[in-house]
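Open the model in your viewer and keep the selection panel at hand. Each stop below tells you what to select and what is there.

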Amino acid sequence: MTVTSDPVTVATPSAHGRRNRFLIWFALPSSALAALLVGAVMLAALGTNPVTGYRALVTGAFGGSYALGATAVKAVPLLLVGVGICIAFRANVFNIGGEGQIAMGGLAGTATALALPGLPSPVLIPLVLVAGAVGGGCWGAIPGAFKAYFNVNEILSTIMMNLVAVQIMNYLLAGPMVDKSSGSVGGLIPQTRLLSRHSWLPIIVPGTQLHLGVLFSVLVAIGVYVLLWRTSFGFRLRAVGLSREAATYAGMPVRRTIMLAMTLSGATCGLAGSMLVVGSISHRMVTDGSLTGFTGSAGFNGIVVALFGGLNPLWTILSAFVFAGLLVGGSAMQVVTNVPSDLIVALNGLVVVFVVSLDYARRRARMAETAARYQAPTLGLAPPTEAVAGAAEEERA
Amino acid sequence: MSQFFTSNILTATVATGIALAAPFLLAALGETIGQRSGVINLGVDGIMLLSAFGAYYAALQTQSLVTAILVGIGVGALLGLVTAVVSVTLRAEQGISGIGIYLFALGFSDLLFLKLVGTPLPINQLSAVKVPLLDRIPTAGGMFFKQNALVYLAFVLVPVVAFVLNRTTYGLNLKAVGENPAAADSLGVSVTVVRYSAVILGSTLAGLAGAALVIETGIFQENLTQGAGFIAVALVYFGAWRPAGVMAGALLYGLTAAVILSWKGLGIIPLSVSDLAATAPAVITVLALLTVARRFRQPAALGKPYERGS
């Protein structure tokens, strides 16, 4: 889509320039602020003092080493899904299937840990994580291939894959993978047996939940940043995302890139799934019959996290930590003020709506800024296209 | 297996399938209207959730299902307005803004439920309305003509929506806006007005679908829809943006689900694999997306915000 730059912006940079700079730098923080304000109104409407509520939230999320540890652990799946979303969205493919990919990764990792309980930790843990990535990667590759080779809308196919994944999870955890010793009055509980101690992610800071997965997920995020901005594959991926036609014209393997983007996106989600199991407190995989029960909606919240991180894996690290704080703090707030933590889910949704609502104005502002910076003549020349402005923006990033 | 083909069970299964299909059909018809105008509304599931809660709460307060349905419709229209502002005026990426609205409604509906209701109380259900004479037809009568009013409404809306889309000025304008907004604009059709009205109309039907779902279930719970709204969106693609095709998809979906329920009850498929069998509707939809639905072209401007001069 070609968007014309606004000549007035170039001519009088002062007023418009300020507005543009505001949009570029403050669109994301003000989206979050707006959502929190709506949350404050909701809290007040529910008869809770918003200050009390938010203080409980912040204390619960960031007050003290235990809270910080819990927040960091909560951030792991959000970060891993978030960087997966960065990969997919940068290629302009919308992966809504994080939930299912997490579940499939969790199942693959769990199956590995159940099958090889005797292996030493340094071998078993990497195996479990790789299995998780493979499981999620396969679940992402299917809609990826459908998109690339059959032009099937990926939003729909990933949603359908979620619906299939939840049933597979319920079947496996109640059937082939069930813990047969857990029998109670109502039949077997749909969960696996306790995983071998060798598969547990080691705790880094004693007395907290902080496990090795936190460090590892940060490394994955850095790795994805390098992949996207420092390798030719990443360049191709972003080129395909900016303009499929231009990438085709440049001779890039567009279809393969789309499929690989979805596969990698699924792989990081699957990694998140296996970490949810071996980094959990229960150290087994349990289902309550829904995907959310296992994932904690990380597949959707990861989208929020990635958008808020500007689809940049490095900013996504910070963004994941902040949103994990909201989730952990939300539970604390529920205890103190008796406001259900669903409030946080609703606020996450609002953040998404606000971010994407401002995104169009933000993109325009960027293009105007880029045009102003390069002193593009306003007459006689074609205005910068979205692709050009986007590329210039990324060069600076 | 042979017991399944006794006429009583077959009749009951088909009747259940048709009833199950109704909320999907309502939501999918609404989505069809919106998508024909060029707007993807992925927040349908959220709209259904909040409308279902609105209808449920109204039913608890007033004991009147008519009020409940009206509240459901009202909530749908309101969320439709929000969706329209975000996707038409603010030109947001529709695939993502819809997920935002879904997340908001998912959290907000449960928040309201826990704070306003707390313990789940059942509400009245709509009684079946027998169509005079037709309900006496052997077998078919029991299958088709002993449903509740909302089920009839859903199926009656199929030709109505088709008529509006294909035979009225409004419908032709709407399709023009979905195919080539610039051309429609140049002929004096307001893209904004058409898209706003289409999205609000579609969301109203999603609201009705939410009300129908909660009335059918008789109770509200967290995430009541279990993704029904997303399936409705898929059915639009399945039905190639045509009301009759969408109806076929909804029926296929509802009937598959009903057959699996029935087989589970009869022990034809063992309980342990019933979860796997429950994937059948989703798998069938994906396969349909892969095969049949690909032959039809989607509205050319689908998902693309319109801007003059671009």
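**Stop 1: helix H7 of chain A.** Select residues 154–174 of chain A, which form helix H7. This helix has 21 residues. From its first C-alpha to its last it reaches 30 Å, close to the 30 Å expected at 1.5 Å a residue. Now look at its surroundings. Of the 21 residues of H7(A), 19 are buried, and the helix is mostly covered.

**Stop 2: helix H14 of chain A.** Move to residues 313–337 of chain A. Helix H14 has 25 residues and reaches 35 Å from first C-alpha to last, close to the 36 Å expected at 1.5 Å a residue. Is H14(A) enclosed or open? It is largely enclosed by the rest of the structure, because 18 of its 25 residues are buried. Then select Asn338(A), which follows H14(A). Its phi is positive, near 65 degrees.

**Stop 3: chain A as a whole.** Zoom out. This is a predicted model. Chain A has 16 helices and zero strands. It has 397 residues, of which 54% count as buried. Take the contacts in chain A between residues at least 6 apart in sequence: 78% of them join residues at least 24 apart.

**Stop 4: confidence.** Color by pLDDT. Chain A has a mean of 87, with 89% of its residues at 70 or more. For chain B the mean is 89, and 97% of its residues reach 70 or more. Next, select residues 379–384 of chain A. Here pLDDT stays under 50 too, and the model has ten contacts beyond four places in sequence. Where pLDDT is low, the predicted coordinates should not be read in detail. For the complex, the predictor gives an ipTM of 0.89 and a pTM of 0.86.

**Stop 5: the two domains of chain A.** In chain A, 17 residues of domain 1 are in contact with 19 residues of domain 2. On the domain 1 side, helix H2 (13–45), helix H15 (342–373) and helix H16 (386–396) of chain A each give two or more residues. H15(A) gives the most to that side, with seven residues. By class, the domain 1 side has 13 nonpolar, three polar and one charged residues.

**Stop 6: the largest nonpolar core.** Keep H15(A) in view. The largest nonpolar core has 232 residues. Those with the most contacts inside it are Val352(A), Phe24(B), Leu25(B), Ala27(B), Ala52(B), Ala55(B) and Leu235(B). H15(A) gives the most to this core, with 17 residues. Domains 1 and 2 of chain A both give residues to the core, so it lies between them. Now center on Phe24(B). What does Phe24(B) touch, leaving out residues up to four places away in sequence? The residues are Ala228(B), Ile231(B), Ala232(B), Leu235(B), Ala250(B), Tyr253(B) and Gly254(B).

**Stop 7: where the chains meet.** Show both chains. The contact takes 43 residues from chain A and 43 residues from chain B. On the chain B side, helices H4 (94–117), H10 (228–238), H12 (271–277) and H13 (280–290) each supply at least two residues. H4(B) has the largest share of that side, 16 residues. The chain B side divides into 26 nonpolar, eleven polar and six charged residues.

Stop 8: Most residues other than glycine have a negative phi. Select His283(A): it is not a glycine, yet it has a positive phi of about 55 degrees. His283(A) lies in the loop between helix H11 (254–278) and helix H12 (291–295) of chain A. It is partly exposed, with 18 other C-beta atoms within 10 Å. Finish at Gln226(B), also not a glycine, with a positive phi of about 50 degrees. Gln226(B) is found in the loop between helix H9 (191–217) and H10 of chain B. It is partly exposed, with 16 other C-beta atoms within 10 Å.

Key: Residues are numbered from 1 along each chain as its sequence is written. Chains are lettered from A and ligands numbered from 1 in the order in which they are written. This is a predicted model: local features need pLDDT of at least 70, side-chain atom pairs count only at pLDDT 80 or more; totals for chains, interfaces and linings use all residues. Two residues are in contact if their C-beta atoms, placed from the backbone, lie within 7 Å. Helices (H or I, at least four residues) and strands (E, at least two) are DSSP runs, numbered from the N terminus. Ala, Val, Leu, Ile, Met, Phe, Trp, Tyr, Cys and Pro count as nonpolar, Asp, Glu, Lys and Arg as charged, and the others, Gly among them, as polar. A residue is buried if 20 or more other C-beta atoms lie within 10 Å of its own, exposed if 12 or fewer, and partly exposed in between; C-beta atoms are placed from the backbone. A nonpolar core is a set of buried Ala, Val, Leu, Ile, Met, Phe, Trp, Tyr and Cys residues joined through C-beta atoms within 7 Å. Domain bounds come from an automatic or database domain assignment. pLDDT is the predictor's confidence in each residue, from 0 to 100. The expected span of a helix is 1.5 Å times one less than its number of residues.
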